[in-house]
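Colleague: Before I rely on any of the labels attached to this model, I would like to go through them with you one at a time. Could you set each value against its criterion as we go?

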Amino acid sequence: MRPILMKGHERPLTFLKYNRDGDLLFSCAKDHTPTVWFADNGERLGTYRGHNGAVWSCDVSRDSMRLITGSADQTVKLWNVQTGAQLYTFNFGSPARSVDFSVGDKLAVITTDPFMELTSAIHVKRIARDPTEQTEESELVIKGPQGRINRAVWGPLNRTIVSAGEDAVIRIWDSETGKLLREADKESGHKKTITSLTKSADGSHFLTGSLDKSAKLWDTRSLTLIKTYVTERPVNAVAMSPLLDHVVLGGGQDASAVTTTDHRAGKFEAKFFDKILQEEIGGVKGHFGPINALAFNPDGKSFSSGGEDGYVRLHHFDPDYFNIKI
Amino acid sequence: MYGVVHFTTGSLNMPIDKSDPNPNQSKASKFRWGELEEDDNLDFLLPPKEVIGTDENGIKKVIEYKFNDEGNKVKITTTTRVRKLAKARLNRRAVERRNWEKFGDAVHEYVGSRLTMVSTEEIILERPRAPGMKAEEIKVPGDSLAQLSKGGAVLMVCRTCGKKGDHWTSKCPYKDLAAPVETFVDKPVASEASVAASGSGKGAYGPPSMRAGAERTAGSDMRRRNDENSVRVTNLSEDTREPDLLELFRPFGAVTRVYVAMDQKTGTSRGFGFVNFVNREDAQRAINKLNGYGYDNLILRVKWATPRAN
């Protein structure tokens, strides 16, 4: 395949997200400006100007009208996707790391980093249909995990919130009361910081990637470990194909170690694994730096990867990808 | 009778066959030398542009004729491959979004902005190699060594378990019995040096050559680096010459220089020589594989050229 290279960001990429229809791709990077691209040919549509810090993650509403972004400048902003206008700003006491719309886009879960005396926290905010009626107040604030919470997402039917972070433990919280419902088993769980988490298309299972060079597949309701995928590199980003039983892991070494070792151009790869057999299917090389973000198009026929090199690479699969057999 | 200016045919592509002047003749008669200025547009004399549309491989040819700077008629054939970008079947809303106006930094986008480019390289989903083969091994040394082994009586000595004739050291099934001698030639030295740097605190800056796992090749220029990657070969047979060493060591990587010490009086080899590699890793692999290798009835000794080896 011929990947489409999009160099819109000056700094490393942090997050990629497709909209529900699969025609728009939102990219967040450390350069303060989330960007939206057309997902078929990679043409840039626009940028959202307003943040003063690295943008760590974003989410888009199902109708592709609203974008929510979480940034290191301690704010979470709501944007009009079409015009790029800022609709609302939530202020926090510490950098915001992960944002996720609920099913129905009425609520959003936001995590904030530990900062000075503040511990990390998970906030649930109500999102008003009309941005002028938006309020700052939180529906729920959950505190408890030590260290950064790298990702928090809604569970099935918005009843639960799944969080994962630096303490390597996945937790499931009740979204109404904030009570801790389940914790992942320490023996079989990750051993190092969990960097990324992605849900399956139907929400029944999710995949976490960690710096311990593995990714694990979990059941959302019972939090039992289903599968483990082992790589040679710390995992920074994970994605699951909505069409085939494939998982993709992206990672790399620490940036400081990169220059001291063999630096053949474009050797950082996104590794494909068979979801059920846990075996490696192959890798797609091309990035010049560790891969920090991965996303599959909801139609499963293309995927994109964002790297430390500032490039977003959009890959449309060749027909023989769909015929791969182990 | 033409009454027409004769053009010498151009340098590009095919020469124009001038033997059919009839189409031009009617135009030619209106055409007078005296009235002609240097840069008059003589395009009407040229055959029209042809477009041979996209064939089944996606190749499109456009044949144009023009005048080059010397006034020669030239035929220019442009061959392009037309690639179809994957088109998603978009729903109604997506089609509407396609027509949205650009905003933010994209407002002033100009056509040549090159923010979005199709990769020039074809990237494939590389399947992993079959189990039993190391990913780092290049196929070539494996193949040529296999060929060499078929040639004569070769002893496959494994240094880990001492078993002969079964497997090479790197494929030793008993690898955990003895720790590898030197996985990274530089590591012992580099790690001592980097203790100070890493000891000062996680996240403290250490220059690349002092970081853990750093290879010491940083900083030397090409020539000196070659001499650092010099390998000494001893216990060579009398008739071994430079080309033999080159043939033996080349499968491991690029070799810049081979030298065999010769006895001037007898014209035979003095039994030793040197091979300079471009890459240190290739030299290391050559040492690993060929030390103890049987060549021309003698067991070769291959090691780093200077005991320093860094």
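**Labels and their grounds**

Modeller: Let us begin with helix H6 of chain B, residues 242-249, whose buried residues are Leu245(B), Leu248(B) and Phe249(B); please bear in mind throughout that this is a predicted model.

Colleague: What makes the buried residues of H6(B) line one face of the helix?

Modeller: Seen down the axis of H6(B), the buried residues fall within an arc of 85°, and therefore they line one face. On the face turned away from that buried side, H6(B) carries the exposed residues Pro243(B) and Glu247(B).

Colleague: Turning to chain A, why are strands E14 and E17 said to stand at the edges of their sheet?

Modeller: The open sheet has four strands in the order E14-E15-E16-E17, with antiparallel pairing. Strand E14 (149-154) and strand E17 (180-183) of chain A each have a single partner strand, so one side of each is left without a neighbour in the sheet. Neighbouring strands of this sheet are turned by 20° against each other on average, with direction ignored.

Colleague: Why are Cys28(A) and Cys58(A) not called a disulfide?

Modeller: The sulfur atoms would have to lie within 2.5 Å, whereas the cysteine sulfur nearest to that of Cys28(A), which belongs to Cys58(A), is 3.3 Å away, so Cys28(A) is in no disulfide. By this rule the count comes to zero disulfides over all chains.

Colleague: What makes these two cysteines buried?

Modeller: The cut-off is under 20% relative accessible area; Cys28(A), at 0%, therefore counts as buried, and so does Cys58(A), at 1%.

Colleague: Why is the aromatic pair of Tyr321(A) and Phe322(A) called edge-to-face?

Modeller: The centres of Tyr321(A) and Phe322(A) are 5.0 Å apart, against a limit of within 6.5 Å, and the planes make 75°, which is over 60, so the pair is edge-to-face. Tyr321(A) is buried, with a relative accessible area of 5%, while Phe322(A), at 30%, is partly exposed.

Technical notes. Residues numbered from 1 in each chain as written. Chains lettered and ligands numbered in written order. Predicted model: local features only at pLDDT ≥ 70, side-chain atom pairs only at ≥ 80, totals over all residues. Heavy atoms only, no water. Buried < 20%, exposed > 50% of the residue type's maximum accessible area, 1.4 Å probe, protein only. Helix = DSSP H or I, 4+ residues; strand = E, 2+ residues; numbered from the N terminus. Arc of directions from axis to C-beta. Pairing = 2+ DSSP bridges. Axes fitted to C-alpha atoms, helices over the stretch in contact; angles between N-to-C directions. Phe/Tyr/Trp six-rings, centres within 6.5 Å; stacked < 30°, edge-to-face > 60°.
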